[in-house]
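The following note collects comments for a colleague examining the aromatic residues and helix packing of this model. Please read the points alongside the sequence and the coordinates.

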Amino acid sequence: MIWNPSEGINIGFFTIRYYSLMFVVAFALGWYIMKRIYDKENIPIDKLDTLFIWTVVATLLGARLGHVFFYDWEYFRNHLSEILLPFKFENGFEFTGFRGLASHGAAIAIIIAMYFYSKKVIHRPMLWVLDRVVIPVSCGAIFVRIGNFFNSEIVGKVTDSAFGIKFIRDYYTPNAAVNATKISDVNEAYKAIATNPQYAALLEKVPAKHPAQLYEAILYVFVFLTLFFLYWRTNAKQKHGLIFGYFLILLWSVRFVVEYVKESQGGIEDTFGLLTTGQWLSIPFILIGVYYLFVAERPVEDDI
């Protein structure tokens, strides 16, 4: 399969990028799922609005800082202004957007945000909040990985299996595509490589790789369905930390396993070796999840 999607949906004066659209879908579905949960437990809707805002900010800020410190600190230590600004000032001004978001950083930031939310807003135990918020979070993870697929990023290793996909935009940078085809329009250059027989030699150079993003997204569907079932069909929600524990084990185990077919993303693996950065960062989350499975207890009446 040859994968060369457009950047997004062109509506004339503006292009809605697929990656951004997937984030919007993730947050919208997350709000809807939490509304059902809050309605079931008679929580005022204004507390949901606060939760939504805090979660959005924590997700984006944590994911950005996670990428900076876990994966690309060597670059950003010398470009501090680019950490929170979507611009480059080196060799002139350039709008770059935020290239790089890390799910481990988002997870840490959300947990911190939920601590303050539990204390300042909803006045319930932090684990009560986490047991519920991880359900929409696991749903959102599905769409984030689909967004990565549209962006041709976080691709897998080269493969000769039937699942292999030629990610043209991963192999050729925009400048490389333009220079190779002599077509000034970047999107047209990519399209020519994908479909024009004249550039068959260029297409032949693109290796087939595992669609690791789709593997992860599909497995996250099962994580979401499991957590959804635990909340709505069992008594798991009555034990503080139990659903949260399952979330940590399931989601980060998926991440750990899929890392075996992903291309290296750099980061601390250069120092520690043996495992990838994503795997090293997933291990603490999995261990914490196991801990909560064993210590989760039904709360006393005063805690509810």
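1. Phe224 and Phe228 both belong to helix α10, which covers residues 212-233. Four residues, or about one turn of the helix, separate Phe224 from Phe228. The model is a predicted one, and the points below should be read accordingly.

2. The two phenylalanines fall into separate accessibility classes. Phe224 has 14% relative accessibility and therefore counts as buried, the limit for that class being under 20%. Phe228, at 26% relative accessibility, counts as partly exposed.

3. Phe228 also pairs with Trp232: the ring centres are 5.9 Å apart and the planes stand at 35 degrees, so this pair is tilted. Phe228 and Trp232 are four residues apart in helix α10, so about one helical turn lies between them.

4. How many aromatic pairs does the ring criterion give? The count is 19 aromatic pairs. For Phe224 and Phe228, the centres are 5.7 Å apart with the planes at 50 degrees, so that pair is tilted. Elsewhere, ring pairs join Trp3, Tyr18, Phe149, Phe150 and Phe167 into a cluster.

5. The charged end of Arg36 sits over the ring of Trp232, at 4.8 Å from the ring centre. Likewise, the charged end of Lys237 sits over the ring of Tyr231, at 5.0 Å from the centre of that ring.

6. How is α10 placed relative to helix α11 (residues 242-258)? Their axes come within 10 Å and cross at roughly 165 degrees. Because angles over 145 degrees fall in that class, α10 is roughly antiparallel to α11. The crossing of α10 with α11 is right-handed.

7. The contact between these helices can be followed residue by residue. On the α10 side, the residues include Leu219, Tyr220, Val223, Leu227, Leu230 and Tyr231. On the α11 side, they include Ile243, Tyr246, Phe247, Leu250, Leu251 and Val254.

8. Where is His210 located? His210 lies in the loop between β7 (208-209) and α10. With 16% relative accessibility, His210 counts as buried. Leaving aside residues up to four places away in sequence, its contacts include Val155, Gly156, Lys157, Thr159 and Ser161, as well as Tyr215 and Val261. His210 also touches Phe167, a member of the aromatic cluster described in point 4.

Methods: Residues numbered from 1 in each chain as written. Predicted model: local features only at pLDDT ≥ 70, side-chain atom pairs only at ≥ 80, totals over all residues. Heavy atoms only, no water. Phe/Tyr/Trp six-rings, centres within 6.5 Å; stacked < 30°, edge-to-face > 60°. Helix = DSSP H or I, 4+ residues; strand = E, 2+ residues; numbered from the N terminus. Buried < 20%, exposed > 50% of the residue type's maximum accessible area, 1.4 Å probe, protein only. Lys NZ or Arg CZ within 6 Å of the ring centre and 35° of its normal. Axes fitted to C-alpha atoms, helices over the stretch in contact; angles between N-to-C directions. Parallel < 35°, antiparallel > 145°, perpendicular 65-115°, else oblique. Left-handed = near helix turned anticlockwise from the far one by under 90°. Contact = heavy atoms within 4.5 Å.
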